[in-house]
Amino acid sequence: MSRQLSNTNALPFPASRWETARTVLRPYTPADEKAFLNLWGDPVVQRLSFIEDLSPKKTEEFLRRTLESVARGSLFFVVVEDKERREFLGHVSLNLQPPPERDAAVGIALKGRYRGRGFGTELMHWLITYGFRELGLRRISLTVMENNIPALRMYKKMQVLYVPELTGRHTDLEADSGFIDEGRTRDGTGSNGRSRVFICMGIEREEWDIQRGRKREFRVN
């Protein structure tokens with residue numbers, strides 16, 4: 001990989017270190033390059049991240065573009081490690097829209113051994129809270145493939161509850177819903193030539209308890 005990519009260190013966000021119950025989150029460094037190339041070279045990660053059929057060269061280019069977005073300040077992007085094992089396990093990100101929208105799209109990718117063990121839910125709680133509290137976002141969205149059942153289950157159980165006096169809405173949310181299903185879209189770029197169906201989901205600042213990093217409490221007067 002080029003010297004320019006390996007030395008990409010420009011970070012518009014504080015070079016901080018954060019923790020959840022089982023993980024450590026930190027900024028990317030050049031030492032992470034190999035781990036990222038291996039992660040994004042995984043066919044499962046490529047399929048779930050809508051980046052199918054990346055060759056090693058294209059994977060390097062994808063990482064380069066990602067780091068350029070971080071340097072421009074349009075992408076909040078952090079490395080995730082297993083706190084106990086000190087092992088790279090993946091990344092989470094927020095693709096930031098320019099003001100005044102204050103919206104961002106979620107990105108998350110985990111190594112195979114860390115999927116299906118609750119790490120995704122743990123990291124999503126942290127990422128949502130950080131986005132609303134520290135980055136001042138108004139809305140966070142994501143897109144997931146219709147057949148990615150584990151991810152859909154995780155996003156829907158994020159426990160966002162409806163608070164009438166805060167949102168002014170009436171029956172939009174169910175008591176145990178998380179990210180709200182906002183519609184579907186499709187394209188024809190699947191590896192088998194068939195259209196892929198994507199579910200678009202979102203959550204707004206008023207629907208999240210920033211202080212506790214979890215759902216809003218449902219109150220009935």
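Author: Welcome! Two strands pair if DSSP finds at least two bridges between them, and strands (E, at least two residues) and helices (H or I, at least four) are DSSP runs numbered from the N terminus. This is a predicted model, in which local features need pLDDT of at least 70 and side-chain atom pairs count only at pLDDT 80 or more, while totals for chains, interfaces and linings use all residues. Residues are numbered from 1 along each chain as its sequence is written, and side-chain values use heavy atoms, leaving out hydrogens and water.

Reader: Which residue in E3 is the bridge partner of proline 27?
Author: Strand E2 (residues 23-27) runs antiparallel to E3, and 5 bridges join them. For proline 27, the partner in E3 is valine 78.

Reader: Which residue in E4 is the bridge partner of leucine 75?
Author: E3 and E4 also run antiparallel, joined by 8 bridges. Leucine 75 has as its partner in E4 asparagine 95.

Reader: What phi does arginine 86 take in the hairpin of E3 and E4?
Author: Arginine 86 sits in the loop between strand E3 (75-82) and strand E4 (87-96). The hairpin has 4 residues between its strands. Phi here is positive in a residue other than glycine, near 55°.

Reader: How many residues of E3 are buried?
Author: Buried means under 20% relative accessible area, with exposed over 50% and partly exposed in between (1.4 Å probe, protein chains only). Leu75, Phe77, Val79 and Glu81 point one way, Phe76, Val78, Val80 and Asp82 the other, and all are buried. E3 is therefore largely enclosed by the rest of the structure, the buried count being 8 of 8.

Reader: How many residues of H5 are buried?
Author: Helix H5 covers residues 119-133. H5 is largely enclosed by the rest of the structure, because its buried residues number 14 of 15.

Reader: What is the relative accessible area of arginine 139?
Author: Arginine 139 is found in strand E6. Beyond four places away in sequence, it touches residues including Asp103, Phe132, Glu182 and Glu204 (contact means heavy atoms within 4.5 Å). Arginine 139 counts as buried because its relative accessible area is 16%.

Conventions: The expected span of a helix is 1.5 Å times one less than its number of residues.
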